[in-house]
Amino acid sequence: MRVLATAASVACIAGLATTVATASPPSPPSHSKSYPGSVPPWAGSRAKTGIPLSNTTIEGEIYFNLRDLAGAKATADAVSTPGNPSYGKFLSPQQWIDTYSPTQATVDATVNYLKSQGLTIMGVPQSRLYVVFRGTAAQMNAAFNTVEQNYSFQGQTLIGPATAPSVPAELGDAIQSVSVDQGKLLTHPANATPDSGETPAATKPLTPPVSVPCSNYWGEKTVTLPEAYGTTTFPTHLCGYTPTQLQTAYGISSAGTVNPTAGAGQTVAIIDAYASPTIVQDTNSWAAATGMPQLTANQYQEIVPDSRMFLDKDLCQQPSGWQGEQSLDVQAVHGLAPAANILYVGGNNCGSGLDLAMSTILDSHLANIVSNSYGNVGEALPENTLMGEQNIHLQAAAEGIGLYFSSGDSGDEKAALGYASPDFAASSPYVTAVGGTSLAAGKDGTYEFETGWGTARQRVVPNASGQLVYAGSLPGPFRFGAGGGTSAVFAQPAYQAGTVPASLANGHRVSPDVSSLADPYTGYLIGYSPITNDNVLKTGSFGLSDIGGTSLASPLTAAQMAVAQGATGKVIGFANPAIYAAAASGGAQRDIVPPAQPVSVAFSSTVSGNTYLVGMNHDSSLFTAPGYDDVTGVGSMNETFAQQVAAQH
């Protein structure tokens with residue numbers, strides 16, 4: 001069933017183009033409260049590329065201070081921490097709003113000011129934590145006494161302020177952050193395929209150096225490659241595990257069977273940008289192909305904007321770029337928790353639209369488990385913006401809503417940023433960050449082993465005499481892997497003390513917290529009808545494909561938590577304090593440690609025609625280790641451990 005977002009949840013304006021012609025803005029008011037922490041870290045003089053057209057439309061977001069930030073943190077901690085007298089005594093949305101949200105008068109004054117400057121209000125949540133608006137570069141400059149510039153960042157041209165934005169003095173004390181840059185529009189789905197990044201071959205049909213068929217389970221097929229690590233025989237990459245195999249591997253069902261009642265009585269919410277027009281029929285076609293139950297009537301519901309309201313599509317990678325993510329998220333949850341209800345809430349873009357989608361869930365408590373398979377490039381957002389986002393996470397924790405975020409697919413992000421950084425929002429202390437593993441499972445799903453997801457690969461090429469050799473040293477260049485590492489912004493939360501090595505933490509939050517299957521070379525089988533026209537959302541023929549990324553790990557973990565809640569009758573809420581408490585008590589999580597011998601698979605790309613030896617457990621500067629590590633957290637989630645987490649109540 002499709003439900004359009006209404007003003008009861010957020011206020012939205014349709015039909016806004018990326019550039020608009022408007023009247024001249026009013027005379028600039030006097031300003032006295034500036035926000036240096038609202039200038040994005042990438043907005044430096046070396047990256048400037050010019051001035052945007054004055055009528056270019058920009059999205060903005062103002063975050064408000066909570067009335068009692070210390071009290072909000074204390075409440076979120078208390079209701080989430082085993083052993084605390086308030087553990088599990090969650091607040092209702094209205095209790096949260098009445099106690100901690102900014103006042104209606106505060107928000108009204110800011111909204112009135114924005115309107116007076118000719119800016120368009122796009123959304124104000126019931127929680128009143130922020131206001132989303134849009135306006136031209138000229139309007140932004142006048143309203144916030146700044147100069148919007150074009151900057152080059154991550155191969156994109158982004159607009160951001162050259163100087164700290166400011167507001168009139170009478171508004172300043174209530175405002176935490178003024179976001180008037182496009183950095184949030186680089187939020188991207190954290191998924192990967194075996195062919196991700198491959199350059200299409202100039203000639204077809206392709207003839208790879210070695211024909212490498214995929215396997216339906218670990219070790220089903222092998223091929224001969226040049227000698228490496230003392231052998232010439234290597235297992236081939238996986239075609240994509242089925243839900244039946246993963247249910248068995250993670251302890252939800254017995255070997256080779258499906259538990260059709262797993263997750264009964266639970267609702268898992270999923271947030272992404274935009275919306276797939278074929279998600280229900282695609283999921284039912286996928287279910288038929290993989291032996292899973294069909295979606296029952298009303299089991300899947302969605303709250304999405306009209307497609308005419310989809311904004312910032314170019315920077316956000318288009319609806320087609322998010323369709324596979326939504327399909328993956330829905331089918332991962334339905335695969336592990338086939339009896340759970342699924343609520344999909346789509347943003348009208350990949351920026352503030354995702355905040356409005358989150359608030360739609362939190363302000364009406366539509367679910368107590370929310371999977372978020374997206375993230376920013378490291379923590380490369382204004383620090384004040386990060387703190388404004390944390391207020392949303394505090395609301396969720398206080399209400400007993402667990403937020404699960406993918407830790408990212410680019411390792412430590414040093415290649416992108418020039419320095420190591422965990423991805424936000426996974427680095428927030430009030431969300432559960434889900435890292436990634438490579439999984440080996442048998443034909444019936446029997447668990448064999450896992451390694452940390454970090455892919456290094458080397459090409460197989462013929463030498464001058466025609467003999468196949470490796471193109472360079474092994475294991476080869478880093479390709480992709482689970483995100484993680486030490487936050488530069490957030491202090492170490494109490495639940496990590498004593499578990500996360502001090503050499504990693506240095507007094508700061510470290511992510512991830514737990515992990516699940518993410519490696520696309522040992523990935524998951526999904527199905528969808530790809531969008532072929534992003535303007536009218538026309539789709540092509542349905543097909544099955546294998547996919548991975550921490551985009552897979554997050555909904556798998558959320559689904560396992562739903563199964564645990566259904567089995568125990570408990571509401572876990574913000575899970576991290578209980579996760580670390582259970583792990584410290586000898587929990588059943590699978591501790592992912594470096595393998596005794598190198599683990600590799602063979603792969604031939606159908607896009608480039610290249611053949612590779614793909615090495616596992618090679619994740620940039622992040623490493624697996626006994627106990628906690630910054631690739632897999634305390635370990636790989638399984639259903640026994642999920643129920644131990646729930647049993648902390």
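Analyst: Start with a rule for angles: under 35 degrees counts as roughly parallel, over 145 as roughly antiparallel, 65 to 115 as roughly perpendicular, and the rest as oblique. This is a predicted model: local features need pLDDT of at least 70, side-chain atom pairs count only at pLDDT 80 or more, and totals for chains, interfaces and linings use all residues. Residues are numbered from 1 along each chain as its sequence is written, and side-chain values use heavy atoms, without hydrogens and water.

User: At what angle do α14 and α15 pack?

Analyst: Two packed helices are described by the angle between their axes and the distance between the axes. Here α14 (residues 576-584) and α15 (residues 639-646) pack at about 110°, with axes 8 Å apart. The two are therefore roughly perpendicular.

User: Which residues make the contact?

Analyst: Contact means heavy atoms within 4.5 Å. From α14 come A578, I579, A582 and A583; from α15 come F641, Q644 and V645.

User: How many cavities of 30 Å³ or more are there?

Analyst: A cavity is a set of points on a 1 Å grid over the protein atoms alone where a 1.4 Å probe fits but cannot get out; lining residues have an atom within 4 Å of a point. Grid points are joined across faces, edges and corners, and volume is the space filled by probe spheres set on them. The count is six. The largest cavity holds about 190 Å³. It is lined by 17 residues, and D355, Y374, N376, E389 and A425 are the closest to its centre.

Key
1 Å grid on protein atoms, 1.4 Å probe; cavity = no way out; pocket = protein on both sides within 12 Å on 5 of 7 lines; lining within 4 Å. Axes fitted to C-alpha atoms, helices over the stretch in contact; angles between N-to-C directions. Helix = DSSP H or I, 4+ residues; strand = E, 2+ residues; numbered from the N terminus.
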